[in-house]
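Please keep the structure open beside you as you read.

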Amino acid sequence: MRLAAGLSLLALLVAAPIAVATPTGTLPPAPPEIPAPLSFTAVDRPGDSGDAILLTWQDPPGLPADAMIEIRRAQPPADEWAEVAEVKPGVGRHVDTTARDGNVYRYEIRVRSAATADSSGIAGAVGPPVVSDPAASHDNWFRFERTNSLIAVVLFIGIILGSIGVARSGKNIFIRKIAGLNALDEAIGRATEIGKKVMYIPGSASMDDIQSVASIAILGNVARATARYGADLDVPNKDPLTFASAREAVRAAYLAEGRPDLFREEMVNYVTYDQFAFTAAVSARMIRERPAAIFLIGYFFAESLILAETGQSVGAIQIAGQADPTQLPFFVATCDYTLIGEELYAASAYLTREPVLLGSVRGQDIAKAILIVLGILGIVAASFGVHGVADLFRTQ
Amino acid sequence: MNLEFGRVTLVILFAIVPIVGFFLGLRAPALRSRIPIFVGVFAGLIPILSMYVPKKFIAGPTGMSPRLDQWLIILAGFALLLGIVNVLQNNMRKISRREKGWPFSVVLLIGLFVTGGFGVYGGISGQGIGIAADGTPTPFQYVTNWFFQPLQSTIFSLLAFFMASAAFRAFRARNTEATILLVAAALIMMGRVPLLELLAVPIPSLQPAAASASQGLGKLTEWIMKTPNGAAQAGIIIGAALGAASMALRVILGIERGYLGLGKGE
């Protein structure tokens, strides 16, 4: 026993100097070196309204699994770096939307890994930084990513203007019959004969919806017809801006027909801005006054069917029109005639027969034919694995 | 004062020019009809330009295009006032002349003044129009919760009955098209509800076949909605989009004047 204790002590005495010598003699393995991002650039983001700088880089190979890319910014001549963002590898780009036009910035990018130890053995190693050239943001003159859209718009305008030019030259332009518009005079004539009202509802949308603009254009023609025939007109409105436009359109139509005496302010009236309160009020008016002709033309929401069914129940001739397909089935099921999609926009040209307007409808048809051809080309190309045609139409 | 180019241009185009045009129009009536067209042209051009020209003065957060949107809201506010005045005038006239249905006008005006009064009171007293600080509803909120919303729901619920009556009329097999519509609708209705499974509940031996048939109908429904229905909808949407673009162009170029109540040469 004593011998064993003595041997242990001897062993400790011998081992002690070796243990003390270890730090200077055999170093622990060096932490893995964190690589720096490659090809780092900072430039003004192209095609924007300013106040944004686009940063791009490539991730270096051999990144630790938990690596994050740290982006920092300084405003020269100061060299105080402030953190802008931390993004995951694989993104390759970041837009600094906190930049302000007129300031010059330098960006620094580096890789940070929480799990990797640095040279002093503490976890949270940071790779070497890469600093960009100075960059400043500014607003641009053109969105290059929308070039295809601009070309399409210019072509479309060219086709429309060309068609208008052809129409102005006196060439006869054929426009197919639109039953709903042919029935307009018949409906107003019937209302006049039986001494009942013509009701025109210009939809629920405001004048920033092009369907409302088209509807007011048709209302102008309907008002001219009621002025000619001496029929009573009632135009209830939900949107205040549409109400103001409708009143001016009806007033102008009665003036143009030489019957300002027949125009009454209450013909075009405001009901309420609430969807179902409007629906209730107009439906009740239909039941009480039993108009002989009802026009539901414009943009409608869920109230479309309630209004159209109520109109149907009072036995009115109903002509509806909407470009959006969501409510169209209800109108088709309930009304006598329905202007579907583009017919709504062609109505003004159809009713007035003005060559200039007819020309624009023809131009629209030419553009549609071109789109159909391009669509077929796209289908064929995509079927053969060529996706370039589809990419031509991709917009941002 | 910061005189931004965009703001100054907007004021010139949409305030000074129309006012000057209005006074000139008093002497030359033809000019009066041109001013709305002029305003329409620029109101249409500016948002289109902002799609392609991202310069701050036109497309920036305080540029001409977003500012026009703000102006639209302000205009709508004033137009709403016009609307309220119109409601008051029309209903008061109905009451004073004892026109048909005048008691409804009395109810409407009471509703307008009571609800509006509660709203104004909420604004003046500082308790707002929502829930008060003590958790109880404000008078305005009370009217909304216990009068307005139930009435709204009542009208909306009518839709279910109207849908049934419209479907009944639409699905009568009068001709080939209506018959196709009827068959498609029947298939879709059966594909959307587990009708076959329900029918097979009393007969357990038929349940696997019913489940399989129901699954098949579900797939057929999906195909009908996505393929023929989707294609038809896409056709309508493309046509309507081109029509809308053409209409917008006509408005911008001042060719389409129907929305101003003007015809050819006016």
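Leu296(A) touches Ile201(A), Ser304(A), Leu307(A), Ala308(A), Gln318(A), Ala320(A), Phe331(A) and Cys335(A), leaving aside residues up to four places away in sequence. Here two residues are in contact if their C-beta atoms, placed from the backbone, lie within 7 Å. This is a predicted model, where local features need pLDDT of at least 70, side-chain atom pairs count only at pLDDT 80 or more, and totals for chains, interfaces and linings use all residues. Residues are numbered from 1 along each chain as its sequence is written, while chains are lettered from A and ligands numbered from 1 in the order in which they are written.

## The nonpolar cores

Which residues touch the most other members of the largest nonpolar core? They are Val250(A) and Leu296(A), in a core of 96 residues. The largest share of this core comes from helix 4 (residues 210-229) of chain A, with 11 residues. Apart from it lies another core of 17 residues, including Leu55(A), Ala99(A), Tyr107(A) and Ala135(A).

A nonpolar core is a set of buried Ala, Val, Leu, Ile, Met, Phe, Trp, Tyr and Cys residues joined through C-beta atoms within 7 Å. A residue is buried if 20 or more other C-beta atoms lie within 10 Å of its own, exposed if 12 or fewer, and partly exposed in between, with C-beta atoms placed from the backbone.

Now look at strand 13 (residues 293-297) of chain A, where five of the five residues are buried. Ala293(A), Phe295(A) and Ile297(A) point one way from the strand, whereas Ile294(A) and Leu296(A) point the other way. In a regular strand the side chains alternate between the two faces of the sheet.

Strand 13 of chain A pairs with strand 10 (residues 198-201) of chain A in the parallel sense, over four bridges. In this pairing Met199(A) stands opposite Ile294(A). Strand 13 of chain A also runs parallel to strand 14 (residues 317-322) of chain A, joined by five bridges, and there Phe295(A) stands opposite Ile319(A). Strands count as paired if DSSP finds at least two bridges between them. Helices (H or I, at least four residues) and strands (E, at least two) are DSSP runs, numbered from the N terminus.

## A hairpin in chain A

Strand 6 (residues 104-117) of chain A and strand 7 (residues 123-126) of chain A run antiparallel, with three bridges between them. Ser113(A) of this pair stands opposite Ala125(A) in strand 7 of chain A. The two strands form a hairpin with five residues between them, and Gly121(A) in the turn has a positive phi of about 85 degrees.

Chain A has 11 helices and 15 strands. Its radius of gyration is 37 Å, well over the 21 Å that the globule rule gives for 396 residues, so chain A is more spread out than a compact globule. That radius is taken over C-alpha atoms, and the globule rule is 2.2 Å times the number of residues to the power 0.38.

Chain B has 10 helices and zero strands. The radius of gyration of chain B is 28 Å, while a compact globule of 266 residues would have one near 18 Å.

The table puts some values for each chain next to one another.

| Chain | C-alpha extent along principal axes | Buried residues | Contacts at least 24 apart, among those at least 6 apart |
|---|---|---|---|
| Chain B | roughly 85 × 50 × 45 Å | 18% of 266 residues | 35% |

Each chain is also divided into domains, with bounds that come from an automatic or database domain assignment. Chain A has domain 1 (38-136) and domain 2 (173-353), and their C-alpha centres lie 60 Å apart. Chain B has domain 1 (1-90 + 248-266) and domain 2 (100-160), whose C-alpha centres are separated by 34 Å.

## Where the chains meet

How many residues of chain B are in contact with chain A? There are 57, and they contact 69 residues of chain A. Helix 2 (29-52), helix 3 (56-59), helix 4 (64-96), helix 6 (139-170) and helix 10 (228-252) of chain B each supply at least two residues of the side that touches chain A. Helix 10 of chain B gives the most, with 16 residues. By class, this side of chain B has 35 nonpolar, 14 polar and eight charged residues. Here Ala, Val, Leu, Ile, Met, Phe, Trp, Tyr, Cys and Pro count as nonpolar, Asp, Glu, Lys and Arg as charged, and the others, Gly among them, as polar.
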